[in-house]
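Here's a quick tour of a few spots in this model. Have a look at the structure first, then read on.

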Amino acid sequence: MTQSDNPPFTSLDHALTHYTNIFRTKNPKSYEAIQSASTSIPSGTSRGVLVHAPHPLVFRGGHGCYLTSLDGDEYLDFISEYTAGMFGHSHPAIIEAIHTVTQQGFTLGGINSKESELAQLLVSRFPSIDAIRFCNSGTEANMLALGVAVAYTGRKKILVFRNGYHGGTLTFGANTALNLPHEFIVANYNDIPDTQAKLTPDIAAILVEPMQAAGGMIPADYSFLRFLRDEATQRQAVLIFDEVVTSRLCYGGLQERYGIVPDMTTLGKHFGGGREIMRLFEPGMEQSLFHTGTWNNNVFSMTAGVVAAKLMSREALERANDLGDWLREGLCRIFADKCPDLQVVVSGIGSAVGVKFLGEKGDIIRELYYFYLLSEGVYMAHRGSFAVNLVHRQKHVDVVLELTRNFCEEVLVCS
């Protein structure tokens with residue numbers, strides 16, 4: 001679409017109506033699929049993060065860094081499965097690895113060698129991890145990490161941070177009705193005085209993201225993490241870094257970048273920690289913990305995990321981070337140049353980029369930016385973020401920057 005294709009917008013609301021109408025017109029099959037699914041699944045999907053008006057996109061497949069919608073349109077994917085999709089779609093090395101599994105069995109009801117191989121690869125990367133347990137999701141990893149911390153310390157209170165997200169049962173934004181019944185103390189992120197005032201001697205654990213992801217790609221201040229490390233040590237509490245998202249930002253996670261070692265770390269599909277804490281899982285130990293699950297060590301995940309860990313080399317992650325920095329700096333430059341009065345914060349670290357529009361019209365501009373990019377074939381997170389993955393190249397990032405420049409010049413009413 002070119003500038004000449006756009007009508008003269010009289011307001012942001014007018015522009016938003018225009019681009020949502022384009023979305024509706026292009027995606028009748030997505031609408032029908034969501035309507036059909038809604039008869040058995042509330043809102044049409046089990047993933048609340050995907051739900052938005054007028055309806056989410058429905059996809060039929062993907063390759064590389066592109067997705068194809070049910071209506072046959074191709075989109076440049078900058079959601080990257082909300083940072084979890086580091087390898088794009090259908091990466092040949094991973095496809096080849098899991099193809100062998102389809103001929104050998106997914107879960108064998110016993111131990112397999114890939115479990116140990118993947119564990120050793122991960123232990124070698126992360127400063128805090130001496131031993132590891134595999135889980136089926138980041139949510140489960142965080143649930144178990146808190147359970148271990150409570151058992152290890154004999155205490156019950158958990159310090160967490162406002163707008164933190166650690167899974168569907170550990171979220172500290174507006175709606176906490178589904179949270180686990182721990183004794184949570186909620187402090188303000190990056191706020192040392194507020195956190196200091198809420199610390200008590202009977203804290204079992206401190207659970208924190210080194211960069212709040214769902215909360216807006218907000219990096220932790222070094223001084224804040226250093227403060228948490230010192231306070232946890234002083235109080236003999238377990239400091240847990242939730243690196244489910246941030247483990248993609250550095251070979252050894254953000255703990256390596258900050259040079260601060262937590263007591264336990266949770267990652268995408270696994271969690272690990274210091275040897276002393278993890279010994280609670282060894283049979284025969286006093287207060288030994290029993291942790292199992294049919295799919296915890298399934299051959300499918302373990303085999304793919306080994307290949308994935310090797311693909312995420314230090315060099316590959318640094319390339320992705322460089323592209324993320326290029327995107328972040330470019331967005332800052334364009335917004336400052338084209339719309340100097342626009343209240344916008346571009347945040348994040350490396351390959352994770354957040355965009356937040358502030359002010360009275362901030363939510364409308366976010367919606368408008370999202371639907372504008374969709375109209376031009378770019379898929380970003382509706383909540384306002386981009387995630388660069390290992391198959392993105394500079395030409396893909398430049399597409400986003402060029403479209404953002406056009407968005408500012410053609411759509412936004414900037415003074």
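## The S3–S15 pairing

Strand S3 (residues 74–77) and S15 run parallel and are joined by two bridges. Across that pairing, Asp77 sits opposite Tyr379 in S15. Strands here are DSSP runs of E with at least two residues, helices are runs of H or I with at least four residues, and both are numbered from the N terminus.

Zoom out and you get an open sheet of four strands with mixed pairing, in the order S1-S2-S3-S15. Strand S1 (59–63) and strand S15 (378–379) are its edges, each pairing on one side only. Two strands count as paired if DSSP finds at least two bridges between them.

## What the model is

This is a predicted model: local features need pLDDT of at least 70, side-chain atom pairs count only at pLDDT 80 or more, and totals for chains, interfaces and linings use all residues. Residues are numbered from 1 along each chain as its sequence is written, and side-chain values use heavy atoms, leaving out hydrogens and water.

## Helix H3

In helix H3 (residues 92–102), the buried residues are Ile94, Ala97, Ile98 and Val101. Looking down the H3 axis, these buried residues fall within an arc of 85° (taken from the directions from the helix axis to the C-beta atoms), so they line one face of the helix. Over on the other side of H3, Pro92 and Glu96 are exposed. Buried means under 20% relative accessible area, exposed over 50%, and partly exposed in between, with a 1.4 Å probe and protein chains only.

Helix H10 (299–311) is part of what covers the buried residues of H3, with contact meaning heavy atoms within 4.5 Å.
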